[in-house]
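Here is a short report on one protein chain. Keep the sequence and the 3D view open as you read.

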Amino acid sequence: DPSAPPIREVDHFFLGLYPSTDTPALLHREILNEHALLVGQAGSGKTIMGVTPLITQLLRGYHTGPTKQGIVQHSDPAPMLILDLKGDLALFNSARIEAARRGQRFLFFRLEKGSASAYFNPFVDLRTENRTVIEFAELVVQALNLYHGDFYGAGYYSRQHRDLLLTVLKDAKVQPQSWDELYALVLKKAGKQRHKDTTELLSTIHALTFYEQLRSAPEGKDQIHMPRLVADNEVAYFWLPSRLENMSVKEVGKLALFAILTACAEYYEAGKPAKRTYVVIDEFQRLAGENIKVILQQARGFGISLVLALQDLKDLQLSNSIDLRSTVCLLYTSDAADE
């Protein structure tokens, strides 16, 4: 089409070379404004050959126009959240080096005791001045994977969790600002007749109180704050290999996802200029759950592009009633899985 704009290599990501022709395999940048899915078995190289090159190019940016007065016009840095559930040093160092190259603040989070880590208080990130009590309660239930669906039985427990949170927050003389404070309030009311089936909520919040890193940072320490990450184009790297603390890793990863979603939503709803935010998840199947469907369905509407890497799409069929395959990949069907 002679009227169409020219196709330029600078507008593409470089994915590698076709072995038969030795020509570059290119992906247009606007395609990644949707989402990207990389599938490969363990040891197939999806992280080093797929995820790492994409992150490198996303952080480096690209030329947006010809040189003017000796200065190259370049794309703005992009905010990025990386959830590494495998623990890949090459991926970590690539992200750290490229962020430094562009002058972006790089924040590193990990759960292991005695390890250097930034602080991340998802409670504060989810609880903002513009959010009502019921909105916050439902966010916590969703983020902590305590929403089990609306069908008979599951809906009862989901509503028990929400009602306990609403009661606690409504009756609190001083609103809690941390998981520790919320746990103390929930503990007083949990198990009573009206909220007799809320042990799951209580135990989940209790587990979060054991991590110093999930509190607000002391003076002089780094703090991951998702609204600031989006506004200031920061890079946050969550090192979450699930070797020993599998349940806690999943909870922290999902809290980070819901925190970035709400931060981007508020940025968008404030009428600020559109900004693309990238969320990269390596070993995505370890975070898969019913609550992740909300992220997948709403992310693009708030300017979030997801780059997901996993071993097998069949891992997204969590049970007979929960199957994320159709949400993650609309063209992937149960028939294709059987083939």
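## An enclosed strand

Buried means under 20% relative accessible area, exposed means over 50%, and partly exposed lies in between (1.4 Å probe, protein chains only). Met80, Ile82 and Asp84 point one way from S6. Leu81 and Leu83 point the other way. Helices (H or I, at least four residues) and strands (E, at least two) are DSSP runs, numbered from the N terminus.

This is a predicted model: local features need pLDDT of at least 70, side-chain atom pairs count only at pLDDT 80 or more, and totals for chains, interfaces and linings use all residues. Residues are numbered from 1 along each chain as its sequence is written, and side-chain values use heavy atoms, with hydrogens and water left out.

## The sheet around S6

Strands of a sheet pair through backbone hydrogen bonds, either parallel or antiparallel. Here, 6 strands form an open sheet in the order S3-S12-S11-S6-S10-S7, with parallel pairing. Two strands pair if DSSP finds at least two bridges between them. The edge strands are S3 (35-39) and S7 (106-110), and each pairs on one side only. Neighbouring strands of the sheet are turned by 10° against each other on average, direction ignored.

Now look at the pairs. S6 is joined to S10 (residues 235-239) by 5 bridges, and the two run parallel. Asp84 stands opposite Trp239 in S10. Another 5 bridges join S6 to S11, again in parallel. Met80 stands opposite Tyr278 in S11. S11 (residues 277-282) is also joined to S12 (residues 304-310), by 6 bridges. There, Ile281 stands opposite Leu308 in S12.

## Helix H4 and its partners

H4 spans residues 133-143. Its buried residues are Phe136, Ala137, Leu139, Val140, Val141, Gln142 and Ala143. They pack against helices H3 (122-126), H5 (154-171), H6 (179-189), H9 (246-269) and H10 (292-298). Contact means heavy atoms within 4.5 Å. After H4 comes Asn145, whose phi is positive, near 60°.

H3 holds Val124. Val124 is partly exposed, with a relative accessible area of 28%. Leaving aside neighbours within four places in sequence, Val124 is in contact with Gln177 and Ser216.

## H6 meets H7

How do the axes of H6 and H7 (residues 199-208) cross? They come within 9 Å and cross at roughly 150°. That makes H6 roughly antiparallel to H7. Angles under 35 degrees count as roughly parallel, over 145 as roughly antiparallel, 65 to 115 as roughly perpendicular and the rest as oblique. Axes are lines fitted to C-alpha atoms, for helices over the stretch in contact, and angles run from 0 to 180 degrees between N-to-C directions.

Trp179, Leu182, Tyr183, Val186 and Leu187 in H6 meet Leu202, Ile205, His206 and Leu208 in H7. These residues divide into 8 nonpolar, 1 polar and no charged. Ala, Val, Leu, Ile, Met, Phe, Trp, Tyr, Cys and Pro count as nonpolar, Asp, Glu, Lys and Arg as charged, and the others, Gly among them, as polar.

## A buried loop residue

The loop between H6 and H7 contains His195. His195 is buried, with a relative accessible area of 5%. Gln160 is 35 residues away along the chain, yet the C-alpha atoms of His195 and Gln160 are separated by 6.2 Å. Leaving aside neighbours within four places in sequence, His195 is in contact with Gln160, Asp163, Leu164, Thr167, Lys189 and Ala190.
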